[in-house]
Amino acid sequence: MDLFPAIDIRHGRVVRLSQGEATRQTVYGDDPVAVAERFVEQGATWIHLVDLDRAFGDGENLSLVRRIVARVGRASRVQLGGGLRTVERVREGLEQGVVRVVIGTAAAIDPSVVPAAIAAVGAERIAVGIDARDGQVAIRGWTETVPLAAETLARRVVGEGVRTIVYTDVARDGMLTGPDLAGARRLQSAGAGVIASGGVAGLDDIRAVREAGLAGAIVGRALYEGRLDLVEALEAAAGASPRR
């Protein structure tokens, strides 16, 4: 499985939100580029970026994304999400040098976007982010919920050619309560690889994601607060035996 250390960017700073709420924000740094470099120095082969300003419709951080890719893109692949709601935005994100973009809200509310994006840039460069609250899809930076089951959306986008899904249980995000493995496995049964996001607190969670046969895990707050060592987390993701 792949491990994705996350860098959520808001107003140019590295932040984490609890359960996606903009008013429950913790700032972990003023230099997202330095954070990305530190992750790569520790062995990260993927970086998961989220432009929260775009997700909330309050600006953008593309220049920072471009700088991060310029500094770490040769050693690590960069995945970008946040506000990518049109094919033009998808192209714009990829033009910053990232290898894959994550379409979230648009996949839920506009059935034409995902097929058009795949036709434009290829399925390998597209993932769909399915964020759920009580099993229903949350959109627009998790500020709204629509009457659409996460599993229903997963089956639809897989039928459209999607190979990768990023799944987040909103209630667990930033809460260090463990990822929703059961929910992730249900989505994976649709036929795409699923990356679990939200709630990872320690090595046991990483091992559980791997044992569940999922494609990957995204880790954020546990890294920033020193609850999880990235080197050890990467080893656990690779199936290495625990250190004695």
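**Group meeting: a walk through the predicted chain**

I start with T168, which sits in strand β10, residues 164–169. Helices (H or I, at least four residues) and strands (E, at least two) are DSSP runs, numbered from the N terminus. This is a predicted model, where local features need pLDDT of at least 70 and side-chain atom pairs count only at pLDDT 80 or more, while totals for chains, interfaces and linings use all residues. Residues are numbered from 1 along each chain as its sequence is written, and side-chain values use heavy atoms, with hydrogens and water left out.

Back to T168. Its relative accessibility is 3%, so T168 counts as buried. Buried means under 20% relative accessible area, exposed over 50%, and partly exposed in between, with a 1.4 Å probe and protein chains only. Contact means heavy atoms within 4.5 Å. Leaving aside neighbours within four places in sequence, T168 is in contact with I130, D131, A132, W142, D173, S197 and G198.

In sequence D131 and T168 are 37 residues apart, yet their C-alpha atoms are 4.7 Å apart in space. Not counting residues up to four places away in sequence, D131 touches Q136, V137, A138, W142, V166, T168 and V170.

D134 lies between β7 (126–133) and β8 (136–139). D134 has a positive phi of about 55 degrees although it is not a glycine. Most residues other than glycine have a negative phi. D134 is exposed, with 76% relative accessible area. Where is H11? H11 is in the loop between β1 (2–10) and β2 (13–17). The phi of H11 is also positive, near 50 degrees, and H11 is partly exposed at 48%.

On to the nonpolar cores. A nonpolar core is a set of buried Ala, Val, Leu, Ile, Met, Phe, Trp, Tyr and Cys residues joined through side-chain atoms within 4.5 Å. The largest has 75 residues, of which L3, I7, F39, V90, I103, I130 and I165 touch the most other members. Which residues does V90 contact, beyond its neighbours within four places in sequence? They are L84, V101, I103, A117, V121 and I126. A second, separate core has eight residues, including F4, V102, A127 and V166. As a general point, nonpolar side chains in soluble globular proteins tend to be buried together.

R210 is in helix α9, residues 203–211. At 39% relative accessibility, R210 counts as partly exposed. Apart from residues up to four places away in sequence, R210 touches M1, A236, A237, A238 and G239. R210 and A154 are 56 residues apart in sequence and 20 Å apart in space, C-alpha to C-alpha.

Finally, the whole chain. There are eleven helices and twelve strands. The radius of gyration is 16 Å, close to the 18 Å that the globule rule gives for 244 residues, so the chain is as compact as a globular protein of that length. That radius is taken over C-alpha atoms, and the rule is 2.2 Å times the number of residues to the power 0.38. Along the principal axes, the C-alpha atoms fill a box of roughly 50 × 35 × 35 Å. Of the 244 residues, 55% count as buried. Among contacts between residues at least 6 apart in sequence, 66% join residues at least 24 apart.
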